[in-house]
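Work through the exercises below with the sequence and the model open. Try each task before reading its solution.

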Amino acid sequence: MDHQFDVAVVGAGVVGAAVARELARHHLRVVLLESRHDVGAGTSKANTAILHTGFDATPGSVEARLVARGYELLSAYAPGAGISVETTGAMLVAWDAEQAATLPKLRDKAAANGYAHAEILDADAVGDAEPHLGPGVTGGMMVPDEHIIDPWSTPLAFVHDAIANGCELRTSFSVDSVQIEADSTVLTATDGRSVRTRFVVNAAGLHGDELHRRMGFDGFTVRPRRGELIVYDKLARPLLQRTLLPVPTSHTKGVLVAPTVFGNVMLGPTADDIDDKGATGSTNAGLDALLAKGHRILPALLDEEVTAVYAGLRAATEHSDYQLSHHADARYVCLGGIRSTGLTASMALGEEAVRLLAAAGLTAALRPTDELRRVHLTALGEQAVRPYQRGGTIVCHCERVTRDEIVDACSGAVPAHDLDGIRRRTRALAGRCQGFYCMADVCALAAAADGRTPHDWAGLA
Amino acid sequence: MSDVTIIGGGPAGLSAAIELRRRGVRVTVLERELQAGGIPRQLPHPGFGMRDRHRLTTGPRYAAGLVRAAERAGVDLRTGETVTSIDALHADAIVLATGARERPRSARLVAGDRPAGVFTTGALQRFVAQHGRIGGRAVVVGAEHVSYSAVLTLRHAGCHTVAITTTFDRHQTYPALAWATARRVPLHTNANVVEIIGRTRVEAVVLSDGSRIECDLVVFTGDWVPDHELARRADLPMLAVAKAPVVSDDFQTERPGVFAIGNLVHPAETADVCGLDGRHVAPAVLDWLTLGRWPITVTPIEVRAPVAWASYDGRGITLRVADIVHGRIRLTHSGEVQWISDQGTWLPNRSITIRRDAMKFTSRPFDDQRLLVDVLR
Ligand SMILES: Cc1cc2nc3c(=O)[nH]c(=O)nc-3n(C[C@H](O)[C@H](O)[C@H](O)COP(=O)(O)OP(=O)(O)OC[C@H]3O[C@@H](n4cnc5c(N)ncnc54)[C@H](O)[C@@H]3O)c2cc1C
Ligand SMILES: Cc1cc2nc3c(=O)[nH]c(=O)nc-3n(C[C@H](O)[C@H](O)[C@H](O)COP(=O)(O)OP(=O)(O)OC[C@H]3O[C@@H](n4cnc5c(N)ncnc54)[C@H](O)[C@@H]3O)c2cc1C
């Protein structure tokens, strides 16, 4: 039996990581449990990376409150932590009379959400703002405060921060069984390892409903809503100034075209309800649908090369709002159903988790600020000064990643475990050649850094 | 004396540098890798140097030979130098020679899972050259020269190629090469890989006809795209299909003083042809440096389907057809036929060349007039 913790956070996606970071700021013994080999490797790595103002949330919902708060917290936290953020703004684009007629309602909704800077534009003004839009625009609404953010560094920064302040991280720890005793709970992993903890926070994303049931509760079921995305080459970046949003429906925010902090352009996501929580592949139907939408929104985009294709699964449930709850009897807090805004809301969810834990009976005092350590990652965004600009040896030419960055990614408190982990920490292999030039070199460096073979790293062992 | 900066130390860039040095020009080659030599450096099989060095050798030997010759000629060869924009360079002439790469799986929009075991030929050859055996069953996507090079590499890597796929109704390489490397490998014609299956490792691919092939590796071959970032950022006009900067017959671009050579302008020819580009460009660079000679306009060679694109290489005009075609390839200039081939079958992904000395005109008619390549069926 492992030693005793005050709180175990299950799931090291962006939400669990933010919770662990917030808890580590208190006088508490915290453990973060993650079933995968790496943190941030679930839904948190595969989203559209927008830091939402929450202008279009449902007023009065938990989501609206936490998105607005999370936006504030993360915007303030990111620069100091090395998380790249760009204030590009966004523009909703209407393509028919009906959509244009919806815009005033959306502006009112934004106001109800406390967002006052939305501004309705006529078709000409939309065209002036974004000259590469396709024909047929009927109007638009500017949302100047929407940001884009580095989604890979966000959970990593939180985890580094948590660990620096005493949190323990257990990866490859897939919580399988739960045993709730009089004043503590034992969480046992599929491989037999276990931890004993007083309190449990469920941040298991797509598997949150399963853990919730194992904790003895019910009330929501996760049905994944898959979102497929196409990432275009950096040479497409001049085609747009800001994120181009469709007029949203109740089912989805719709297909958008957005710049990324890495300098690419992203087209997506689709929204398909599926049953398989592991189905993060893309489909021909999904890609065709995206190309059709992209052709309408930004025709010139389709002439550019595609750099990457991926899909993420939103933890959608039968409810439209987040499913947050606390259970004093089981010393348990659930952060469920965090569907399509969890990156933005993450830090607010961290705060909320502490509140809910208190309501469930945990007393925790904040540690004095001077005792807390802060972590600063190397910023990955195009706007940042990157290590190669200070003269390192470049290994990945497409993304201009240096040898030292790759070696660093394979060591330290939260080392990468596979090429995808190196990609999220450095951008290596995330570029247009997808490894044509540097994959063998990256594998060699990684193998030298951690002792496993290049074949292990390439996933070929 | 004037300075020339060449970006890219592959066969094209190095050959141009050597040739310019012979003419007394000061030349700097900027190469982003720690070693110059370009792609051949990583390709241990024979098949290099026939047309330019008149000796067949392996990629690394060919590359090393060019690097040695460049050093001996007094070329200032700077490795580990990535050029991010040509605007910051101080040179009297710039030669872009940044090469081309194979389109990876993502750029081909192949749906499905994203498991380990998906390669381009280039990535595979480097991995095998550095790290050795892989093992398992492989599917090779594409049936052009480089595809059969992939089959050979797979054999060296202890892999068994279980299928080669092509969207056309036959392969597009030399029958002898196909026979020598892959006579026992089923060739799936009129077929494309449309989906990859396998959550962690590749388990199978699905073809466009719905059939499924179990395998452990997928190698995407050919389907070249130039490394045109610098050319695009310099706003050089591009050929739409080849995605290569438009050049004149002497490799001048739209921008005076900026030349482009090698696979950047014709994706892709063999290394020796890129070497010939380097030789051909040198006198034109000298003409620019000494006489300021530059064409008034640089017009792309017009093409009509099924010709996909036409550009220039060290031998003359090089072009590709988009489909298998029977007929006569024809080059016209202001309506006048300059060259016409015999009746033949022309294969996609195969280099089709109209040699300079075979064209009727003797002077340069290119400055403000149009060339057209089409097929007479
Ligand atoms: C296509 C798409 C686009 C999106 N766009 C945006 C956007 O622009 N802006 C925004 O703010 N949000 C966006 N989102 C939403 C955002 O990505 C998610 O809300 C967020 O990533 C959820 O984080 P999470 O930590 O809850 O889930 P996850 O990242 O899935 O983390 C849960 C973790 O729990 C682990 N786990 C599960 N079960 C167990 C177990 N039994 N034991 C141990 N560990 C376990 C998993 O391995 C996983 O790592 C988007 C989502 C999608 C899919
Ligand atoms: C798998 C495979 C098999 C092949 N087999 C054969 C064969 O058998 N025989 C044959 O003749 N040919 C073969 N080829 C083709 C041969 O490799 C090419 O024809 C040749 O390398 C092209 O020469 P190049 O100089 O145009 O470009 P490259 O060789 O690609 O050289 C371009 C150079 O430019 C550098 N560069 C690019 N951008 C920058 C920048 N911004 N700053 C600084 N430097 C930069 C690159 O690092 C590179 O070294 C093969 C190719 C592949 C991929």
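**Exercise 1. Which residues does Thr317(A) touch, not counting residues up to four places away in sequence?**

Solution. Thr317(A) touches Phe220(A), Thr221(A), Val222(A), Gln323(A) and Gly337(A). Contact means heavy atoms within 4.5 Å. Thr317(A) is in the loop between strand E18 (306-314) and strand E19 (323-327) of chain A. Helices (H or I, at least four residues) and strands (E, at least two) are DSSP runs, numbered from the N terminus. Then check burial. Thr317(A) has 12% relative accessibility, so it counts as buried. Buried means under 20% relative accessible area, exposed over 50%, and partly exposed in between (1.4 Å probe, protein chains only). Last, look at the side chain. One of its polar atoms lies 3.0 Å from the backbone nitrogen of His319(A).

Before going on, note the ground rules. This is a predicted model, in which local features need pLDDT of at least 70 and side-chain atom pairs count only at pLDDT 80 or more, while totals for chains, interfaces and linings use all residues. Residues are numbered from 1 along each chain as its sequence is written, chains are lettered from A and ligands numbered from 1 in the order in which they are written, and side-chain values use heavy atoms, with hydrogens and water left out.

**Exercise 2. Is Ile180(A) buried, partly exposed or exposed?**

Solution. Start with the element: strand E10 (residues 175-180) of chain A holds Ile180(A). Its relative accessibility is 36%, so Ile180(A) counts as partly exposed. Now list its contacts, leaving aside neighbours within four places in sequence. They are Thr185(A), Met215(A), Ala330(A) and Arg331(A).

**Exercise 3. Describe the interface of chain B and chain A.**

Solution. Count residues: 44 of chain B are in contact with 45 of chain A. Then take the buried area, the accessible area (1.4 Å probe) that two parts lose on being put together, summed over both. It is about 3,800 Å², and carbon and sulfur atoms give 53% of it. In chain B, Arg101(B), Leu109(B) and Arg114(B) lose the most area to chain A, together 17% of what that side buries.

Next come salt bridges (a side-chain nitrogen of Lys or Arg within 4 Å of a carboxyl oxygen of Asp or Glu). The interface has 6. One of them joins Glu229(B) and Arg432(A), at 2.7 Å, N to O. Glu229(B) lies in helix H7 of chain B and Arg432(A) in the loop between helix H10 (419-426) and helix H11 (439-450) of chain A, so the pair joins two chains. Both Glu229(B) and Arg432(A) are buried.

**Exercise 4. How many salt bridges are there over all chains?**

Solution. The whole structure has 60. Take Arg242(A) and Glu130(A), which meet at 2.6 Å, N to O. They link distant parts of the chain, 112 residues apart. Both Arg242(A) and Glu130(A) are buried. In chain B, Asp223(B) and Arg103(B) form a salt bridge at 2.7 Å, N to O. Asp223(B) is partly exposed at 30%, whereas Arg103(B) is buried at 11%.

Methods. A polar contact is a pair of N or O atoms within 3.5 Å; within protein, one must be able to donate a hydrogen and the other to accept it, and residues adjacent in sequence count only if both atoms are side-chain atoms.
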